[in-house]
Amino acid sequence: VEDLMKQRMEKSKVLSRIKLLALDIDGVFTDGGMYYDDNGEAFKLFNTKDGMALQIARENDIFIAVITSEDKEMNLKRMEKVKVEHLFQGVSDKYFVLKKLASNMGISFSNIAYVGDDINDEACMLASGLSFAPSNAEEKAKKSADFLLSRKGGSGAVREAVERIIDFNKRIGG
């Protein structure tokens, strides 16, 4: 059943200008690791090049959405710092959230690029016009992606995806 669903979604993809970049956090903006100091405080490592990538995307008229299953203050602080327009935390059904956001923005899935690294991103990756997986993503996510990035999550994968999206938009005249 999963394979049939995947085949149908892949066949329905239409090439359109990307207007929204949607991303996961852990494994995309970060390496997926959780680090703790001696006091038990958790922290994550974010790459500054990925933050700059979001500014570059906005300068190219691409909106940013982050959809994550975690609900962490550190995620909120980082996404505020890099000026993410749409942040959804604690999400169990990412596809539903992305579909609702697209509807609210008046765009279709063909106008969305999605970067994900695990099975909970698969539906969004299959539905989106373009999808990417970092090189260290889980195998199912890699198979669902239109493009496998050369960079790992937390090591510039977001920057690479943004550069590819901008090139794509230029090629199709967007």
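Tyr35, Phe43 and Leu45 make a nonpolar surface patch of about 290 Å². Patch members have over 30% relative accessible area and no salt bridge, and nonpolar side chains (Val, Leu, Ile, Met, Phe, Trp, Tyr) are joined within 5 Å. A salt bridge is a side-chain nitrogen of Lys or Arg within 4 Å of a carboxyl oxygen of Asp or Glu. Areas come from the Shrake-Rupley method with a 1.4 Å probe, and for residues only the protein chains shown count as cover.

This is a predicted model, in which local features need pLDDT of at least 70 and side-chain atom pairs count only at pLDDT 80 or more, while totals for chains, interfaces and linings use all residues. Residues are numbered from 1 along each chain as its sequence is written, and side-chain values use heavy atoms, with hydrogens and water left out.

**Overall build**

The protein has seven helices and eight strands. Both are DSSP runs, numbered from the N terminus: helices are H or I of at least four residues, strands E of at least two. The radius of gyration is 15 Å, close to the 16 Å from the globule rule for 174 residues, so the protein is as compact as a globular protein of that length. That radius is taken over C-alpha atoms; the rule is 2.2 Å times the number of residues to the power 0.38. Along the principal axes, the C-alpha atoms fill a box of roughly 50 × 40 × 30 Å. Of the 174 residues, 47% count as buried. Buried means under 20% relative accessible area, exposed over 50%, and partly exposed in between (1.4 Å probe, protein chains only).

**Strand β1**

In a regular strand the side chains alternate between the two faces of the sheet. In β1 (residues 20-23), Leu20 and Ala22 point one way, and Leu21 and Leu23 the other. All four are buried. β1 pairs in the parallel sense with β4 (residues 63-67) over four bridges. Here Leu20 stands opposite Phe63. β1 also pairs in the parallel sense with β6 (residues 112-115), again over four bridges. There Leu23 stands opposite Val115. Pairing requires at least two DSSP bridges between the strands.

**Aromatic pairs**

The structure holds three aromatic pairs. In one, the rings of Tyr35 and Phe43 have centres 5.8 Å apart and planes at 25 degrees, so the pair is stacked. Rings of Phe, Tyr and Trp (its six-membered ring) pair if their centres lie within 6.5 Å; planes under 30 degrees apart are stacked, over 60 edge-to-face, and the rest tilted. Tyr35 sits in strand β2 (residues 35-36). Tyr35 and Phe43 also belong to the nonpolar patch.

Another pair is Tyr95 and Phe109, with ring centres 5.4 Å apart and planes at 5 degrees, so this pair is stacked. The pair links distant parts of the chain, 14 residues apart: Tyr95 is in helix α4 (residues 94-105), and Phe109 is in the loop between α4 and β6.

| Residue | Relative accessible area | Class |
|---|---|---|
| Tyr35 | 31% | partly exposed |
| Phe43 | 42% | partly exposed |
| Tyr95 | 28% | partly exposed |
| Phe109 | 17% | buried |

**Positive phi in loops**

Asp61 has phi near 60 degrees, a positive value in a residue other than glycine. Asp61 lies in the loop between α2 (48-59) and β4. Its relative accessible area is 57%, so Asp61 is exposed. Lys83 likewise has a positive phi near 60 degrees. Lys83 is placed in the loop between α3 (73-81) and β5 (86-88). At 57% relative accessibility, Lys83 counts as exposed.

Methods:
Patches are made of residues with over 30% relative accessible area and no salt bridge: like charges are joined within 9 Å, nonpolar side chains (Val, Leu, Ile, Met, Phe, Trp, Tyr) within 5 Å.
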